[in-house]
Amino acid sequence: MKLTQIQGIGEDVTKALSQFGSSFELEDFTSDVIERKPVKPQLLSTLLVGLEQTRYMNSNTFKYDAFDHTSVLPSGKQFTGVGPRANKDKPRTYRWEIPSFGISGNVAPADYANRRLPGTENEVDTEAQHTIRLGDKMNGSWDLFNEQQLLTLITTDSNYVAGGPFTSHDFYGEVVGGSRTAANITFSDANVDQFEQIRAQKKLLKEEMIKSGEMVDEFVCICGGNFFGATLDLEKNESLGRPLKGAYDFASQEVTSGPIGTESFKVDNFKSENCGVTFIEYTIDIGGISIGADDAYLIPVRASQFILKAHAPAMTRQYANTEALSMYSWVSVDDRAGITRWEESNFLMAMVNPRLMRKMTVA
């Protein structure tokens with residue numbers, strides 16, 4: 001075995017000479033292991049759902065009441081008369097079934113028997129190494145699945161059942177009625193102030209925030225590639241046409257790219273000084289679900305009553321009718337079948353107030 005050192009790095013590199021096949025030829029072997037791992041974007045998970053937006057139920061039903069208050073105005077009357085009757089507002093009850101999702105994995109003796117550990121010349125592979133890799137993979141799958149749920153919700157107004165025997169609810173249709181329409185932003189028309197069009201959507205959203213008693217006043221626009229490019233070009237032109245520079249000098253500075261919500265996946269973004277909205281390009285595709293290239297979604301950050309995540313308990317002797325946990329895990333060990341692990345998470349991603357989002361598209 002030979003130890004060498006790379007100039008200027010200070011780390012040892014292990015090399016070994018091994019026999020090639022059954023011949024007497026020798027080949028070098030190093031401890032490098034080239035690994036590729038899937039990215040785990042968590043932008044929407046960070047912006048939309050936190051502890052305040054999570055509910056832990058004792059059953060598989062998410063039920064709540066909603067009250068839409070209407071206004072009435074006085075009218076002229078005789079001094080001996082009375083004003084118009086104030087109409088009576090009635091509450092509504094919404095009831096949604098909470099779906100169940102699961103994943104499982106197995107480490108069998110055949111996975112590591114008669115095998116060497118990657119990155120080593122003669123070290124024997126172990127069950128522990130495979131179990132660790134399986135656990136990491138399953139944990140990462142839940143992060144990705146949670147993001148896929150939110151991506152489906154904002155693009156379709158419906159929850160994602162992932163092929164399970166549950167109902168996919170159109171929250172906009174059932175709560176508001178009808179279907180969501182997109183505001184057309186006419187980027188191709190030089191006679192139209194596109195940022196004024198976006199500000200109009202922001203004003204409508206702020207009005208809905210006031211009606212809903214939301215205190216959040218931070219908005220982001222999650223964009224497809226074409227919409228983000230159009231707004232970025234528009235912001236560049238505005239900035240370059242003014243003698244005073246704003247937060248971004250696009251003549252000498254690239255658009256910001258930062259890890260919003262994750263350390264491994266960066267997104268291009270900028271805050272417009274023309275409309276006060278942070279635009280984020282989000283072109284990730286998760287299981288065939290993505291934001292349309294021409295589409296954009298104006299949403300409040302961490303609104304308390306916009307999207308709620310409701311968990312249900314596992315249907316087992318131990319957990320039935322108890323307060324739900326966010327995740328359940330079980331392990332079975334067999335001398336021949338090896339270690340089998342299965343996990344489940346029972347939750348519904350519900351858009352309880354669909355009015356707190358404005359959809360826009362490139363006209």
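What follows is a conversation about the labels given to parts of this structure and the values behind them.

Modeller: Please keep in mind that this is a predicted model, with a chain of 363 residues, of which 39% are buried. The chain has five helices and 18 strands, and its accessible surface comes to about 21400 Å², with 50% of that belonging to carbon and sulfur atoms.

Biologist: How do you know how many disulfides the chain has?

Modeller: A disulfide requires two cysteine sulfur atoms within 2.5 Å of each other, and by this rule the count is zero. For Cys223, the closest cysteine sulfur is that of Cys221, at 3.8 Å, and because the cut-off is 2.5 Å, this is too far for a bond. For Cys275, the closest cysteine sulfur is again in Cys221, at 8.1 Å, which is also too far for a bond.

Biologist: Why is Cys223 called buried, and why does Cys275 count as buried too?

Modeller: The word buried applies under 20% relative accessible area. Cys223 has a value of 0%, so it is buried, and Cys275, at 5%, also falls under the cut-off and therefore counts as buried.

Biologist: What makes Asp157 stand out by its phi?

Modeller: Asp157 has a phi near 65°, which is a positive value in a residue other than glycine. Asp157 follows H2 and is found in the loop between H2 and helix H3, residues 171-176.

Biologist: Is Asp157 buried or exposed, and what about Asn321?

Modeller: With a relative accessible area of 7%, Asp157 lies under the 20% cut-off and is therefore buried. Asn321 has 66%, and because exposed means over 50%, Asn321 is exposed. Asn321 also has a positive phi, of about 65°, although it is not a glycine, and it is found in the loop between strand S14, residues 307-311, and S15.

Biologist: How do you know how the span of H2 stands against the expected one?

Modeller: H2 has 30 residues and reaches 43 Å from its first C-alpha to its last, and this is close to the 44 Å expected at 1.5 Å a residue.

Biologist: What makes S15 and S16 a pair of strands, and in which sense do they run?

Modeller: Two strands pair if there are at least two bridges between them. Strand S15, residues 328-334, and S16 have seven bridges, so they meet that rule, and they pair in the antiparallel sense. Asp334 stands opposite Gly338 in S16, and a hairpin of three residues joins S15 to S16. Strand S7, residues 101-107, and strand S16, residues 338-345, also pair in the antiparallel sense over seven bridges, with Trp342 in S16 as the bridge partner of Ser104.

Biologist: Why is a group of residues called a nonpolar core, and which members of the largest one touch the most others?

Modeller: The largest nonpolar core holds 68 residues, and Leu48, Phe62, Ile222, Phe279 and Ile307 touch the most other members. The largest share of this core, six residues, comes from helix H2, residues 127-156. Leaving aside residues up to four places away in sequence, Phe279 touches several residues, including Phe195, Ile198, Cys221, Cys223 and Phe270. In soluble globular proteins, nonpolar side chains tend to be buried together.

Methods: Residues are numbered from 1 along each chain as its sequence is written. This is a predicted model: local features need pLDDT of at least 70, side-chain atom pairs count only at pLDDT 80 or more; totals for chains, interfaces and linings use all residues. Side-chain values use heavy atoms; hydrogens and water are left out. A nonpolar core is a set of buried Ala, Val, Leu, Ile, Met, Phe, Trp, Tyr and Cys residues joined through side-chain atoms within 4.5 Å. Buried means under 20% relative accessible area, exposed over 50%, partly exposed in between (1.4 Å probe, protein chains only). Helices (H or I, at least four residues) and strands (E, at least two) are DSSP runs, numbered from the N terminus. Contact means heavy atoms within 4.5 Å. The expected span of a helix is 1.5 Å times one less than its number of residues. Accessible areas come from the Shrake-Rupley method with a 1.4 Å probe; for residues, only the protein chains shown count as cover.
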